[in-house]
Amino acid sequence: MLIKGVIDRVLALVLIIATFPLWILAMVGIKISSPGPVLFKQERGGRNGKPFRMYKFRTMVAEAEEKKGELIEMNEMSGPVFKIHNDPRVFSFGGFLRKWSIDELPQLLNVLLGQMSIVGPRPLPVDEVEKIQESSQRRRLSMKPGITCVWQISGRSEITSFEEWVKLDLDYIDGWSLWLDLKIIIKTIPAVLFKRGAK
């Protein structure tokens, strides 16, 4: 795990430098397309559920969190997770950023801060973490959350069962190795390029 942490920080720094033109594109595009901040900051559940502030490029209108309550009935995920296809809060350029996973790039800053890993279970908002009661499901919090994971390369938004999502995370945790991380990173590249499950 110590080696994993070192690799995480080195890889995060390399990726930030390599993708810097995309950061500029995202920041300029968001400013032109939608009034409000460039970054979206949200409290997420980290390792063992410890809260941390996660960063993403903003893809929704500035008042998106306030509008979430109006869309609860449209939730397409089972369990405590909230996800909907064609979310009306997403502005057009934000949809472009999501489709190419460019909105996820600021999470590399979370990796540098030691709050996230390159590979690991996706972090959920704190209010969703608090709704998880089953010990088997809470076990997904035993590892540091990641930018990519098995769920990310297995269809992402096409998976609507929280139980199935958790099973993928637990299989990863139980079979974890540096080699498994490398395989997931390699499989993430075509998943992003071919926009598999990105919505």
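Q: Why is Asp181 called buried in this predicted model?

A: Asp181 has 7% relative accessibility. Buried means under 20%, so Asp181 counts as buried. The residue lies in helix α9.

Q: What does Asp181 touch, leaving out residues up to four places away in sequence?

A: Its contacts are Lys4, Val119, Tyr172 and Trp176.

Q: What makes Lys4 and Asp181 a salt bridge?

A: Look at the N to O distance between the two side chains, which is 2.5 Å. The cut-off is within 4 Å for a Lys or Arg nitrogen and an Asp or Glu carboxyl oxygen, so the pair qualifies. This pair links distant parts of the chain: Lys4 is in helix α1, Asp181 is in helix α9, and they are 177 residues apart.

Q: Which residues of α9 are buried, and why are they said to be on the same side?

A: The buried residues are Leu180, Asp181, Ile184, Thr188 and Ala191. They cover an arc of only 95 degrees around the axis, and therefore sit on the same side of α9. That buried set packs against α1 (2-18), β3 (117-119), β4 (146-148) and α8 (162-174).

Q: What does the face of α9 turned away from its buried side carry?

A: Trp179 and Leu193 are the exposed residues there. Exposed means over 50% relative accessible area.

Q: What makes the nonpolar surface patch, and which elements give two or more residues to it?

A: Leu22, Leu25, Phe96, Trp100, Ile189, Leu193 and Phe194 make a patch of about 670 Å². The elements giving two or more residues are α2 (20-33) and α9 (178-193). Ile189, for one, is found in helix α9.

Q: Why is the pair of Glu104 and Lys56 said to tie together parts of the chain?

A: First the bond itself: their side chains meet at 3.8 Å, N to O, and the limit for a salt bridge is within 4 Å. Glu104 lies in the loop between α4 (92-99) and α5 (107-112), while Lys56 is in strand β2 (residues 51-57), so the pair joins parts that are 48 residues apart in sequence.

Q: How do you know whether Glu104 and Lys56 are buried or exposed?

A: Compare each value with the limit of under 20%. Glu104 has 12% relative accessibility and so counts as buried; Lys56, at 13%, counts as buried too. Both residues belong to a network of salt bridges that links Lys56, Asp103, Glu104 and Arg122.

Q: What makes Asp169 and Arg140 a salt bridge?

A: Their closest N and O atoms are 2.7 Å apart, and the rule asks for within 4 Å. Asp169 in helix α8 and Arg140 in the loop between α7 (135-138) and β4 are 29 residues apart, so the pair links distant parts of the chain. Asp169 counts as buried because its relative accessibility is 2%, and Arg140 counts as buried at 2%.

Q: How many salt bridges does this rule give?

A: The count comes to twelve.

Technical notes. Residues are numbered from 1 along each chain as its sequence is written. This is a predicted model: local features need pLDDT of at least 70, side-chain atom pairs count only at pLDDT 80 or more; totals for chains, interfaces and linings use all residues. Side-chain values use heavy atoms; hydrogens and water are left out. Patches are made of residues with over 30% relative accessible area and no salt bridge: like charges are joined within 9 Å, nonpolar side chains (Val, Leu, Ile, Met, Phe, Trp, Tyr) within 5 Å. Accessible areas come from the Shrake-Rupley method with a 1.4 Å probe; for residues, only the protein chains shown count as cover. Helices (H or I, at least four residues) and strands (E, at least two) are DSSP runs, numbered from the N terminus. Buried means under 20% relative accessible area, exposed over 50%, partly exposed in between (1.4 Å probe, protein chains only). The arc is that of the directions from the helix axis to the C-beta atoms. Contact means heavy atoms within 4.5 Å.
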